[in-house]
Amino acid sequence: TGRSRVVAERIGRSLHRIPGRDTISVLHIEGDTRWIKELDLKSRTLKPIVRAVESGEGDYVWTPEGAILMSDGKTLMRWSVGSDLVALGLAGATRMAVSPDGRWLAVVVPDSGRD
């Protein structure tokens, strides 16, 4: 239509289509709390999915199975429906991408200063 409409303010830089749904997810910042929320584009409503880590830039990715991977800049974590946020290790993980088939994960980890 050429018109824009504000649906949410104070969102992070990660916007993702939620696997198997006709919605997207956003990192929504409420005061000092961060949530990954589902945004229904038709109704323009936000629904909380999981509380996000409190540090870092709010980078997260969805796996094809519907799990969320996120990092606090120190540890890579995984969440899926019906489970808590679980630490997977991989110290210093920041930006991430999952291949469409879910077999590969690319992660940016700062250089440890090795030559």
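1. Two strands are taken as paired if DSSP finds at least two bridges between them; strands are DSSP runs of E with at least two residues, and helices are runs of H or I with at least four, numbered from the N terminus. The structure discussed here is a predicted model, in which local features need pLDDT of at least 70 and side-chain atom pairs count only at pLDDT 80 or more, while totals for chains, interfaces and linings use all residues. Residues are numbered from 1 along each chain as its sequence is written, and side-chain values use heavy atoms, with hydrogens and water left out.

2. Overall composition. The protein has zero helices and 10 strands. Of its 115 residues, 31% are buried, where buried means under 20% relative accessible area, exposed over 50% and partly exposed in between (1.4 Å probe, protein chains only). Among contacts (heavy atoms within 4.5 Å) with a separation of 6 or more, 26% join residues 24 or more positions apart.

3. Hairpin of β2 and β3. Strands β2 (residues 24-30) and β3 (residues 33-40) are antiparallel and share seven bridges. Leucine 27 lies opposite isoleucine 36 in β3. Two residues separate the strands, and glycine 31 in this hairpin adopts a positive phi near 65°.

4. Hairpin of β3 and β4. β3 also pairs with β4 (residues 45-51), again in the antiparallel sense, over six bridges. Aspartate 40 faces threonine 45 in β4 as its opposite residue. Four residues lie between these strands, and arginine 44 in the turn has a positive phi of about 60°.

5. Nonpolar core. A nonpolar core is a set of buried Ala, Val, Leu, Ile, Met, Phe, Trp, Tyr and Cys residues joined through side-chain atoms within 4.5 Å. The largest has 12 residues, including Leu27, Ile36, Trp62, Met77 and Trp79. At least two of its residues come from each of β5 (60-62), β6 (68-71) and β7 (76-79). Beyond its neighbours within four places in sequence, methionine 77 contacts Val53, Ile68, Leu69, Met70, Asp72, Leu85, Val86, Ala87 and Leu88.

6. Largest pocket. A pocket is an open set of points on a 1 Å grid over the protein atoms alone, where a 1.4 Å probe fits, with protein on both sides within 12 Å along at least five of seven lines; lining residues have an atom within 4 Å of a point. The largest pocket holds about 160 Å³ of space. Its lining includes Ile18, Arg21, Glu38, Lys47, Trp62 and Trp79. β4 provides the largest share of this lining, three residues.

Definitions and conventions
Grid points are joined across faces, edges and corners, and a volume is the space filled by probe spheres set on the points.
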